[in-house]
Amino acid sequence: MQYTTSYQSQYGKLLLASDHRALTGLWFENDKYYEDCLGPQNMPMETTFLKQTKQWLDEYFSQCQPSFTPPLHLMGTAFQKMIWRILLTIPYGQIMTYREIADIAVARLYKEHMSAQAVGGAVGRNHIEIIVPCHRVVGSNGSLTGYAAGLSTKKKLLQLEKIDVSKFKIPKGSEN
């Protein structure tokens with residue numbers, strides 16, 4: 001059973017989900033993978049984990065680095081979870097490239113190489129937006145690419161964290 005509630009941010013409405021263990025999902029309403037991993041057995045109810053997540057979001061949207069991270073239940077493949085754990089190491093107000101994440105994954109998996117595209121696929125399927133900060137990932141060539149809730153939302157989140165987005169290239173046809 002999963003429990004859900006919503007949160008209204010200045011950038012749009014968010015859906016939050018938890019199970020009996022931790023937060024399982026956090027999506028913008030317009031997200032490409034909205035409600036992904038939310039099973040048919042769910043009901044509206046504000047659990048302790050959802051209340052904690054709302055407190056975290058209040059801190060975050062007040063332009064402050066949140067003072068805690070709510071318990072997270074990452075649901076995905078072993079590779080996705082590894083990539084999401086790497087995302088959790090990106091500090092507030094900083095960015096990392098897909099290539100840098102791939103290099104960390106290569107070291108953890110004792111491989112010789114890994115494509116940034118494989119990393120991008122895992123980053124894009126992140127079910128816990130903002131807290132697992134996939135918005136802090138940029139292209140190695142200086143491009144502001146990929147965000148399931150749209151590049152305009154990604155830009156706003158980066159600006160909220162005082163990251164200068166003017167230095168990033170935006171691929172033609174991808175701005176929304």
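Which residues in α2 meet α4, and which residues in α4 do they meet? Phe79, Gln80, Ile83, Trp84 and Leu87 in α2 meet Ala118, Val119, Ala122 and Val123 in α4. The close-ups below start from this contact.

The model is predicted: local features need pLDDT of at least 70, side-chain atom pairs count only at pLDDT 80 or more, and totals for chains, interfaces and linings use all residues. Residues are numbered from 1 along each chain as its sequence is written, and side-chain values use heavy atoms, with hydrogens and water left out.

**View 1. Helix α2 packs with helix α4 (residues 116–124).** Helices (H or I, at least four residues) and strands (E, at least two) are DSSP runs, numbered from the N terminus. The angle between α2 and α4 is about 80°, and their axes are 9 Å apart. Axes are lines fitted to C-alpha atoms, for helices over the stretch in contact; angles run from 0 to 180 degrees between N-to-C directions. α2 and α4 are therefore roughly perpendicular to each other. (Angles under 35 degrees count as roughly parallel, over 145 as roughly antiparallel, 65 to 115 as roughly perpendicular and the rest as oblique.) Contact means heavy atoms within 4.5 Å. Phe79 and Trp84 are among the α2 residues that meet α4. By class, the contact of α2 with α4 has eight nonpolar, one polar and no charged residues. (Ala, Val, Leu, Ile, Met, Phe, Trp, Tyr, Cys and Pro count as nonpolar, Asp, Glu, Lys and Arg as charged, and the others, Gly among them, as polar.)

**View 2. Helix α2 (residues 78–87) packs with helix α3 (residues 98–109).** The angle is about 125°, and the axes are 10 Å apart. That makes α2 oblique to α3. On the α2 side, the contact is made by Phe79, Met82, Ile83, Ile86 and Leu87. On the α3 side are Ile101, Ile104, Ala105, Arg108 and Leu109. The α2 contact with α3 has nine nonpolar, no polar and one charged residues.

**View 3. Helices α3 and α4 pack with their axes 8 Å apart.** Their angle is about 100°. That makes α3 roughly perpendicular to α4. Tyr98, Arg99, Ile101 and Ala102 of α3 touch Ala116, Val119, Gly120 and Val123 of α4. Six nonpolar, one polar and one charged residues form this contact of α3 with α4.

**View 4. Four strands form an open sheet in the order β3-β2-β1-β4.** Pairing is mixed. (Two strands pair if DSSP finds at least two bridges between them.) The edge strands, β3 (23–28) and β4 (42–44), each pair on one side only. The twist averages 30° from one strand to the next. Strand β2 (residues 12–18) and β3 pair in the antiparallel sense over five bridges. The bridge partner of Leu15 is Trp27 in β3. Helix α1 (residues 48–61) packs on the sheet, touching β1 (2–9), β2 and β3. The direction of α1 makes about 20° with that of β1.

**View 5. Tyr7 and Phe61 form a stacked pair.** A search of the whole structure finds five aromatic pairs. The rings of Tyr7 and Phe61 have centres 6.1 Å apart and planes at 20°, so the pair is stacked. The pair links distant parts of the chain: Tyr7 lies in strand β1 and Phe61 in helix α1, 54 residues apart. (Rings of Phe, Tyr and Trp, its six-membered ring, pair if their centres lie within 6.5 Å; planes under 30 degrees apart count as stacked, over 60 as edge-to-face and the rest as tilted.)
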